[in-house]
Amino acid sequence: MKYRNIIVLASIFFSAVSCSEEETYIGGSISGGESEMTSIYPAPPSQWMGGTDPYYSAGYTGDIMPFFDNGKFHIYFLHDAQNKPAGKGFHDIHKYLSTDLAHFTYEGQMIPFGKATDPDFATGTGSVVKVGNLYYFYYTGHNGTPAFLQSNARESVLCATSSDLENWTKVPSFKLTAPAGYYNFDFRDPHVFYNDELKKYSMLVSTQTEPGRKAVLLHFTSADPASGKWDVQAPIYTTTPEENYLMMECADIFKMGNYWYLMFSENWSGNKGTHYRMATSINGPWLTPKNDMIDGEYFYAGKTASDGNNRYVFGWNARKTPENDSGNKDWAGNMVTHQLVQNADGTLGTQALQSVKDLFSKKTVSTEVDATSGNANANNGTYTLSSAAEKAMITFKPIGKKAKIKAEVTLGKTNGTAGFVFHTNDTGSYYKIVFDIAQSKIAGYNSASQETARIPFQFQANVKYDVEIITEGSTAVLYINGKIALTNRIYGRDKNKWGLLSEGQNAVFTNLQVTQPE
């Protein structure tokens with residue numbers, strides 16, 4: 001692969017908005033050519049710069065910054081290296097390229113982090129906008145070293161430009177820091193777009209008020225980004241006392257049909273993940289839907305891009321440390337993409353990409369029963385599990401690293417749970433994804449009964465639901481009725497048995513099918 005030499009320039013200018021395996025199989029394997037990725041949930045490959053420098057070891061996909069141009073998705077992301085040597089910066093910006101969001105090439109480093117004396121000793125999230133024939137990449141500069149903080153803001157918005165979306169040059173004269181009344185310690189994640197209503201360019205920046213420390217999405221405008229001049233406006237959104245968010249990270253704003261949508265991520269409340277608001281005007285008022293979540297908390301920093309026909313949301317599936325069933329959620333992992341759909345009432349739903357489902361359309365895997373326990377029966381492709389005090393379970397043999405599970409599920413009672421179980425080792429450890437009719441949710445639990453991921457969903461008894469689970473390595477994404485997604489991290493899933501589970505519920509699974517790519 002040909003890697004780019006990117007000119008690294010120092011910066012400072014004017015003040016006023018902002019860039020936040022057992023064989024542990026994460027993904028990001030390389031085959032069919034030096035840069036072609038076999039992963040549908042990609043993570044960057046190891047030794048991406050060649051040589052033996054430990055920094056260039058395998059890494060993870062962090063915050064994603066998608067941009068669609070001339071038939072291609074340019075998917076920029078923060079690279080989180082497994083090894084971060086002392087004295088070096090981190091989170092340089094890399095890129096995947098795709099035409100269908102099912103096949104990717106890895107394009108390497110786009111924007112490097114700076115030196116310990118630069119505002120981008122670590123780079124952070126941002127966005128790309130095209131102005132004339134030039135592309136502007138506004139991104140976060142982050143430097144928390146004590147020496148730098150003596151005379152500088154910890155976070156600022158910086159800029160790089162390109163004529164081809166591949167070779168980026170940092171703009172040394174541009175640096176935007178928090179204006180008076182806002183907190184320069186947390187001032188990040190600039191999202192820039194052309195605002196048709198204002199006939200200007202708008203920038204949203206995640207920050208906090210100072211004093212008071214209320215999370216806001218601050219709004220800046222510019223008549224011409226080439227001028228370097230951005231004028232501060234009133235925040236486009238401020239956290240309410242009920243929400244009480246610490247930060248609203250990685251904001252995005254877009255229009256579908258008659259509605260505007262404001263998307264952001266929050267990682268400190270009891271409802272972590274990617275949220276959205278909706279309005280009939282870009283100026284609000286912003287309404288909170290009953291379910292304001294795009295996915296569960298193991299899908300984070302969702303940002304969107306449209307190919308002109310459909311809009312997609314890109315986030316990362318958090319890994320665990322240590323990398324096992326009971327590990328703690330950690331930053332970055334694999335990229336996961338959903339297609340956004342608009343419901344009749346204007347609310348948003350998520351569904352699997354058709355291009356991804358098509359990968360699993362030809363090779364069917366046997367679903368021969370491995371074992372049953374409790375009151376569980378299999379009869380001509382119909383699986384009936386009835387449970388009161390004792391759980392019922394039917395298990396099948398391992399289905400490997402890449403597989404799609406499809407089934408129709410009917411719940412017979414208004415309490416109890418039923419769903420899918422994935423054994424994560426051969427001694428009984430497991431992870432389950434269950435449908436909880438009484439609590440109106442879909443939830444993932446590890447074998448210590450810890451809830452790791454959840455998404456609200458209103459179930460009804462004796463109604464058939466269409467379920468798809470797309471798995472690759474330790475990433476498993478469940479979709480139901482083409483409306484809701486729940487992303488999970490399940491280590492060891494690919495090498496161990498899986499099955500159907502009922503606890504205090506009567507459940508019927510029909511039309512069960514498992515397919516793999518050819």
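**Close-up views of a predicted model**

**View 1. Strands in the lining of the largest pocket.** At least two residues of the lining of the largest pocket come from each of strand E2 (59-69), strand E6 (122-131), strand E10 (182-195), strand E15 (249-256) and strand E18 (299-306). Strands (E, at least two residues) and helices (H or I, at least four) are DSSP runs, numbered from the N terminus. E10 gives the most to this lining, with five residues. The model is predicted, so local features need pLDDT of at least 70 and side-chain atom pairs count only at pLDDT 80 or more, while totals for chains, interfaces and linings use all residues. Residues are numbered from 1 along each chain as its sequence is written, and side-chain values use heavy atoms, with hydrogens and water left out.

**View 2. Size and make-up of the largest pocket.** The volume of the largest pocket is about 570 Å³. Of its 26 lining residues, His191, Val192, Phe193, Ile253 and Arg311 are the closest to its centre. The lining divides into 14 nonpolar, five polar and seven charged residues. On a 1 Å grid over the protein atoms alone, a pocket is an open set of points with protein on both sides within 12 Å along at least five of seven lines, a cavity is a set where a 1.4 Å probe fits but cannot get out, and lining residues have an atom within 4 Å of a point.

**View 3. The largest cavity.** About 70 Å³ of space lies in the largest cavity. Its lining includes Ile40, Tyr41, Leu101 and Thr337. Eight lining residues are nonpolar, one is polar and none is charged.

View 4. Lysine 441 lies in strand E30 (residues 441-446). Lysine 441 counts as buried because its relative accessibility is 8%, where buried means under 20% relative accessible area, exposed over 50%, and partly exposed in between (1.4 Å probe, protein chains only). The side chain of lysine 441 makes a polar contact of 2.7 Å with that of glutamate 451 and one of 3.3 Å with that of tyrosine 445. A polar contact is a pair of N or O atoms within 3.5 Å; within protein, one must be able to donate a hydrogen and the other to accept it, and residues adjacent in sequence count only if both atoms are side-chain atoms.

**View 5. The largest nonpolar core.** This core has 47 residues, and Phe420, Phe435, Ile442, Ile480 and Trp498 have the most contacts inside it. Strand E27 (residues 402-411) gives the most to this core, with five residues. A nonpolar core is a set of buried Ala, Val, Leu, Ile, Met, Phe, Trp, Tyr and Cys residues joined through side-chain atoms within 4.5 Å.

Technical notes: Grid points are joined across faces, edges and corners, and a volume is the space filled by probe spheres set on the points. Ala, Val, Leu, Ile, Met, Phe, Trp, Tyr, Cys and Pro count as nonpolar, Asp, Glu, Lys and Arg as charged, and the others, Gly among them, as polar.
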